[in-house]
Amino acid sequence: QQSSPNMCDNNQLVVTLTRSEMFQDYAQAYTEATGMPLTLRPVTIWRLPFHGLRKENSFCAAIAAKGRACAACLQLQEKLTQDARNQPATRACVYGLCETAVPVKLGDQTIGFLQTGQVLRQRPTEASFQVAGAQAVRRGVTIDDESTRRAYFATPVLTPKRLHAATSLLTLFA
């Protein structure tokens, strides 16, 4: 059971690490090498982890701008956090994009996560876009405008092998 002051200390440590030159250099190199955004986030987060970051997926940004549709993204963050407490985990969102979290530990305690993703594991198709559109409609929004369509089809695709390699890079750094 974590006490509140301990959690505050851990959050401050994550903020300090995020601002460090070493993390900044690593994040820039990782993003350039993989094309994916990277963030170091605390265990508890109440916002979308990649919002406003370099290489944020434009489809994800469009979904986030639609308000109610991004609730599904926040639910994914919660599930991913639970899965990644002790080992790297990858989950796909309701729109088919994958995110990966790698635990950052201080001793036995997980203090944060290196998180990346917003990629598809297969090339986007008209059928997969229709599935994403149906998921959005279930959440009370439509994504059939041309800019959202273009953003979806521009989503980076990583094979499982490349996603595993990217996860290995994060695990070594964590």
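Entry 1, helix α4. I began with what the buried residues of α4 touch: they pack against β1 (38-42), α3 (58-64), β2 (89-92), β3 (98-106) and β4 (109-119). I note that this is a predicted model. Which residues of α4 are buried? I listed Ala72, Cys73, Leu76, Gln77, Leu80 and Thr81. The spacing recalls a general point: an α-helix has 3.6 residues a turn, so residues three or four places apart point the same way.

I then checked the length of α4, which runs over residues 71-83. Its 13 residues should span 18 Å at 1.5 Å a residue, and the end C-alpha atoms lie 19 Å apart, which agrees.

I looked for disulfides and the count was zero. Cys93 is in none, because a disulfide needs sulfur atoms within 2.5 Å and the nearest cysteine sulfur, that of Cys73, is 5.8 Å away. Cys93 is buried, at a relative accessible area of 16%. For Cys98, also in no disulfide, the nearest cysteine sulfur is that of Cys93, 7.9 Å away. Is Cys98 buried or exposed? I found it buried, with 3% relative accessibility.

I looked up how α2 (residues 21-34) packs with α7 (residues 160-173): the angle is about 170° and the axes are 12 Å apart. Angles over 145 degrees count as roughly antiparallel, so α2 is roughly antiparallel to α7. From α2, I noted Met22, Phe23, Tyr26, Tyr30, Ala33 and Thr34; they meet Arg162, Ala166, Leu169, Leu170 and Phe173 of α7. By type, the residues of this contact are nine nonpolar, one polar and one charged.

Terms used:
Residues numbered from 1 in each chain as written. Predicted model: local features only at pLDDT ≥ 70, side-chain atom pairs only at ≥ 80, totals over all residues. Heavy atoms only, no water. Axes fitted to C-alpha atoms, helices over the stretch in contact; angles between N-to-C directions. Helix = DSSP H or I, 4+ residues; strand = E, 2+ residues; numbered from the N terminus. Parallel < 35°, antiparallel > 145°, perpendicular 65-115°, else oblique. Contact = heavy atoms within 4.5 Å. Nonpolar A, V, L, I, M, F, W, Y, C, P; charged D, E, K, R; others polar. Buried < 20%, exposed > 50% of the residue type's maximum accessible area, 1.4 Å probe, protein only. Expected span 1.5 Å × (residues − 1).
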